[in-house]
Amino acid sequence: FFFPFKGRPSKRKVLRNMHKFVLSLLFSSGLIHLAEGQALTDVVDPTSATKLQDGFTWTEGALWDKTNSRYLFSDCNANQLKFMPNGNPPAQDQANPFTGVNGQLFDTKGRRIVCEQLGRKLSRWNADGTYVTLVSTYQGMKINSPNDLAIWKDGSVFFSDPPYGVSKDNEELGYYAFFRLKPTGTVELVTKEFNRPNGIAFAPSGNLVYVNDIEAGSIWTFPVDPVTGDWNLAGKALFTQSAPWPDGMKTDVNGNLYVVGADGLRIYAPSGNLIGQVGGFQGTNLAFGGADFKTIYITAKTETWRVQGKIMGLPTDGSFKTTATPSTSTSAATSSSAATSAQTSTSAQTSSSNAVPSTSANPTSETSANPTSANPTSETSANPTSENPTSSNPTSANPTSANPTSANPTSANPSSDPASCEQTSQTRGSGATEGTNTLGNAGTDVPQRGPNSAGLAMRPEMILVIVAMFMALFF
């Protein structure tokens, strides 16, 4: 726009050409942002939302069993594990050595890692049927009630520990936190700055983690050191504040974040833009599954649902690949302090496989500054490779068996707390039940895009393009 000029250009001509240049930058910037935009129908089929079955007490722990091609979940208050062969109802009972299962995942060895919300511990069900307690205390105090978890590439299990499975009188820690169980058996306190920590999921790079504070309705990100897996607490950034009662979260191979909560399933682009939502239920957890790992199974209070996705889910067993340079969220960062220390537990090594092959192709970027790792102190277990650290209660039913049924799956480890899996006013302190939108009926507090939304609600970058076009035409 500046060249060539014949002779010495006039001041007016220079200003006019500078004006055109600025407008072109604005227009190009807007188009670049618009290029990221995805229609909801590009990500899922909103019309495919189907209720599979209802009549449960409180469903949680959605998980796909690739080895046996079945959808697993728990009826938490009834203390039952369920499964649906090939993801189709009716649900059948599965043997259950746990107490009040919430979040659960398979690791790369096919072992089932479980948050026992009512049992107040993190446990593992080995492929040979043995049952192992991984974490039940921290610094000599009983943890609260593990809720959800995510597995990093080195096998570390990060899990949230809110108070929903324990009465106030029986709390020992005095705070609610995210913890990390390392493969060595070391337990580390990652952060205790959230009021009600809940959902957790890694981005495809493994260098960014999403966590939510369910009662605040907020989702946050932390950069993750690509070598150590430590979270950079100073790099904490707000991803979105628009999710009512965000609960379980998962990501797809393109980096989109799937969140279930009070108004159904919400899907966000890596930038934090809401792509769209699918309603009709109040979700508690979700899992990708099916032969192509694109079907989304959702636990929803007394029901369980299915939505057909169009993008492969990110493997949740820690088998995803990490890049050499940490990436970050595009949201504004706020500082936070690290509170760290450790206690030991142990993880075991057995063989089997339930991993989903990773076919992640160029995930959409999650950009952020190079994090400074918060390296928590630790005390290592004297026997970190023991197969059965806290042993016991082995069940003969193989967790990956094709047909492990039990007519009366009562846990061998009853909880001393009579708390319910359903989040009550006693444990929440808000008078609300998880999945209930306190601002009104589900979804009424957020802009509604409709069930067939293409995700094209007016966004700032669209306004930028319109303003640039207007200025170009009239100035």
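Analyst: Happy to! Please keep in mind that this is a predicted model, in which local features need pLDDT of at least 70, side-chain atom pairs count only at pLDDT 80 or more, and totals for chains, interfaces and linings use all residues. Residues are numbered from 1 along each chain as its sequence is written, and side-chain values use heavy atoms, with hydrogens and water left out.

Let's take strand β25, residues 295–300. Strands here are DSSP runs of E with at least two residues, numbered from the N terminus. Six of the six residues of β25 are buried, so the rest of the structure largely encloses this strand. Buried means under 20% relative accessible area, whereas exposed means over 50% and partly exposed lies in between, with a 1.4 Å probe and protein chains only. In a regular strand the side chains alternate between the two faces of the sheet. Here both faces of β25 are covered: Thr295, Tyr297 and Thr299 are buried on one side, and Ile296, Ile298 and Ala300 on the other.

Which strands are joined to β25 by bridges? One is β24 (residues 285–289), which runs antiparallel to β25 and is joined to it by five bridges. Two strands count as paired if DSSP finds at least two bridges between them. Within this pairing, Leu286 stands opposite Ile298. The two strands form a hairpin with five residues between them, and Gly290 in the turn has a positive phi of about 85°. Another partner is β26 (residues 303–308), also antiparallel to β25, with six bridges joining the two. Thr295 has Gln308 in β26 as its bridge partner. β25 and β26 make a hairpin as well, with two residues between them, and in that turn Lys301 has a positive phi of about 55°.

The structure holds 19 aromatic pairs. A pair of aromatic rings is described by the distance of the centres and the angle of the planes. Rings of Phe, Tyr and Trp (its six-membered ring) pair if their centres lie within 6.5 Å; planes under 30 degrees apart count as stacked, over 60 as edge-to-face and the rest as tilted. Tyr297 pairs with Trp64 in a stacked arrangement, 5.4 Å centre to centre and with 10° between the planes. This pair links distant parts of the chain, as Trp64 belongs to strand β2 (residues 59–65) and the two residues are 233 apart. Both Trp64 and Tyr297 are buried.

A second pair is formed by Phe158 and Trp231: their ring centres are 5.3 Å apart and their planes at 20°, so the pair is stacked. Phe158 sits in strand β13 (residues 157–161) and Trp231 in the loop between β18 (218–223) and β19 (237–240), 73 residues apart. Phe158 is buried at 1% relative accessibility, and Trp231 is buried at 3%. Ring pairs also link these two with Phe178, Phe194, Phe202 and Phe222 into a cluster.

Some rings have a charged neighbour. A charge sits over a ring if NZ of Lys or CZ of Arg is within 6 Å of the ring centre and within 35 degrees of the ring normal. The charged end of Arg70 is over the ring of Phe83, 4.8 Å from its centre, while that of Lys236 is over Trp220, at 4.2 Å.

Let's finish in the loops. Ser145 lies between β11 (141–142) and β12 (149–151), and at 0% relative accessibility it counts as buried. A polar atom of the Ser145 side chain is 2.8 Å from the backbone oxygen of Pro162, and one lies 3.2 Å from the backbone nitrogen of Tyr164. A polar contact is a pair of N or O atoms within 3.5 Å; within protein, one must be able to donate a hydrogen and the other to accept it, and residues adjacent in sequence count only if both atoms are side-chain atoms. Leaving aside neighbours within four places in sequence, Ser145 is in contact (heavy atoms within 4.5 Å) with residues including Gln117, Arg120 and Ser160.

Arg120 is in the loop between β7 (112–116) and β8 (121–125). Although not a glycine, Arg120 has a positive phi of about 60°, and at 4% relative accessibility it is buried. Lastly, the peptide bond from Pro89 to Pro90 is cis, with omega near 5°, and Pro90 lies in the loop between β4 (80–85) and β5 (92–94).

Notes
Helix = DSSP H or I, 4+ residues; strand = E, 2+ residues; numbered from the N terminus.
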